[in-house]
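This briefing covers the ligand site and the contact between domains. The sequence and structure come first.

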Amino acid sequence: MTSSQQSTPTNGTEPVGHYDAIVIGAGVSGLYQLYRLRELGLSVRCYEDGDGVGGTWYWNRYPGCRFDSESETYGYSWSEELLQEWDWKEHYSGQPENEKYLNHVADKFDLRKDIQFNARVESAIYDEKTNRWEIKLESGQRAQTQFLIAAVGLLSARYTPPFEGVESFTGESFHTSRWPKEKVDFTGKRVAVIGTGATAVQLIPEIAPEVGHLTVFQRTPNYCAPCRNSEVAPETQRQWKATYPEIHKRCRETTVGMRHEFDRRKALEVPEEERLAFYEELWAKPGFTKWLSNFHDIMTNAKANEDFAEFVRNKIRARVKDPIVAEKLVPKDHPFGSKRIPLETHYYEAYNRDNVLLVDVREAPIERITPKGIKTTEREYAFDVIIYATGFDAVTGSLTRIDMRGEGGQTIKDKWANGPRNYLGIQTAGFPNFFIAINSAFCNYTVCAESIVEWITDCIRYMREKGLRCIAPKPQVEDEWIAYINKVAEGSIMTQARSAWFMGTNIPGKPRAVLLNPLPAPAYRAKCAEAAANGYEGFVLQ
Ligand code: NA7
């Protein structure tokens, strides 16, 4: 037991636990944050809602769930031993392997002993007299800490549209991000999937051959691109292991923290024949190459974007046999890349099956869920199973769902009523010693999450070395940061879809705001490093 740890709570009846740091969430960021803070010699407690580690890779266990990032770039980069002992089986690793990997990390670094599972944080209240946070779990258990780190994930607060009658349905219902651990048997069943985002696009082709009949309720078609997943050959595995430093160096240099980098040429300055050949070349490659190695101005120039968007539309048309269904699957109301590009395997072919029906809910919106199934403005459909693949209250939802109160009792919900306010995405004024370890940069999760965790760790080390009690951003600096982020985002296609979690517009009533940091990852990291190097410039330290 470290010096400042006075009690170790195990259930709702014990005395308040006192810690130097509390980490909320045992996903990719939380596990690493726990590890780093423990290395610093702090007493750390991690509270995790689930009964196992993994975060996103614990909760999202629906059929077909897998990385969209290349596996070799997703694993933690900070332990050479870990890198050398872990073999990725597929180029875009599936959820079971990913969960296994994070369990392996938790065991290897003995992290479990500081994690309390089935522990949902209900409230976090800042005490201005002691400069400490008091945490209350749903069980009633309480704990206090100097530093509070929310590693709660950017896509973890699930969203189910408030359809009337949801509870009345007499069949089984699932949200994809709360999928049961036991296999769901779809054999012969009439199944509905609501939503056609990245999740549904992974799920639909997996279950289509198994179900009796599948009805997909689509509101907005997406520009889905082939994943082209494959098994990792032993030689490739050896090559990765021999070159991890170069792989990670590359990921730290690129705009999005992956191996992909945008092409410096402007799309429409390249002669048509050469341009189309380039598109075909990108299309034939796996992963996000088609998006993130494309001409850079497809993300800023509407005409360049439309040129590639039309190329993708034709790819979709070529794969769907029924031209009416094909046209429904072709996105026309938003630019390519203004919503997350789903990576797919046999997604479009699923609609060529006799047992799959596509329902366009823009033509006939869902009116209500009934005891039997789903009623649109056109007709009622009967189902045995309804799957909600309806996404997340992204970035802010996992924080605003906690009753968080900072200085003067201000709640984070009130403070963020018009969108998130923060400095560098890491701290928010009025909430001292509270750190947000959510990678909301537009990039590879782990690479960028690691840098945020390391920034927080260095900051806490600095404070302890200098004998400082608390840190929070200056409100004016925060305002300037948000204005800057908005200005950078203005020039990007990413803000232009009518409904996208990038901007919070997928949730009715949620303020439209830039939720993903639009800066290139190296530029963002440089800003964070600069603030730290200048004695945490922009922050008030006491
Ligand atoms: P997404 O991408 O937010 O997709 C949610 C889907 O649910 C999307 O097709 C929505 O349509 C649809 N939706 C939401 N509300 C409704 C209502 N009321 N009626 C009909 N359809 C609705 O979430 P995912 O889980 O697929 O992916 C999230 C991220 O996880 C993904 O980007 C990856 O980064 C991993 P809409 O498009 O809003 O019209």
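Predicted model: local features only at pLDDT ≥ 70, side-chain atom pairs only at ≥ 80, totals over all residues.

**Ligand site**

- Thr199 places a polar side-chain atom 2.6 Å from an oxygen atom of the ligand.
- For Lys339, a polar side-chain atom is 2.7 Å from an oxygen atom of the ligand.
- Trp501 has a polar side-chain atom 2.8 Å from an oxygen atom of the ligand.
- On its own the ligand has 770 Å² of accessible area, and the protein covers 88% of that.

**Domain arrangement**

- The division of the protein chain gives domain 1 as 3–53 + 111–157 + 394–541 and domain 2 as 225–388.
- Between the C-alpha centres of domain 1 and domain 2 the distance is 31 Å.
- Domain 1 contributes 20 residues to the contact, and domain 2 contributes 25 residues.

**Contact between the domains**

- About 1,600 Å² is buried between domain 1 and domain 2, with 61% of this area coming from carbon and sulfur atoms.
- The two domains share 4 residue pairs in polar contact, counting pairs with both residues at pLDDT 80 or more.
- The salt bridge count between domain 1 and domain 2 is 1.
- Arg498 and Asp333 form a salt bridge, in which the closest N and O atoms are 3.7 Å apart.

Methods
Residues numbered from 1 in each chain as written. Heavy atoms only, no water. Polar contact = N/O pair within 3.5 Å; in protein donor to acceptor, adjacent residues only side chain to side chain. Areas by Shrake-Rupley, 256 points an atom, 1.4 Å probe, with all protein chains shown as cover. Domains from an automatic or database assignment. Contact = heavy atoms within 4.5 Å. Buried area = accessible area lost by both parts, 1.4 Å probe. Salt bridge = Lys/Arg side-chain N within 4 Å of Asp/Glu carboxyl O.
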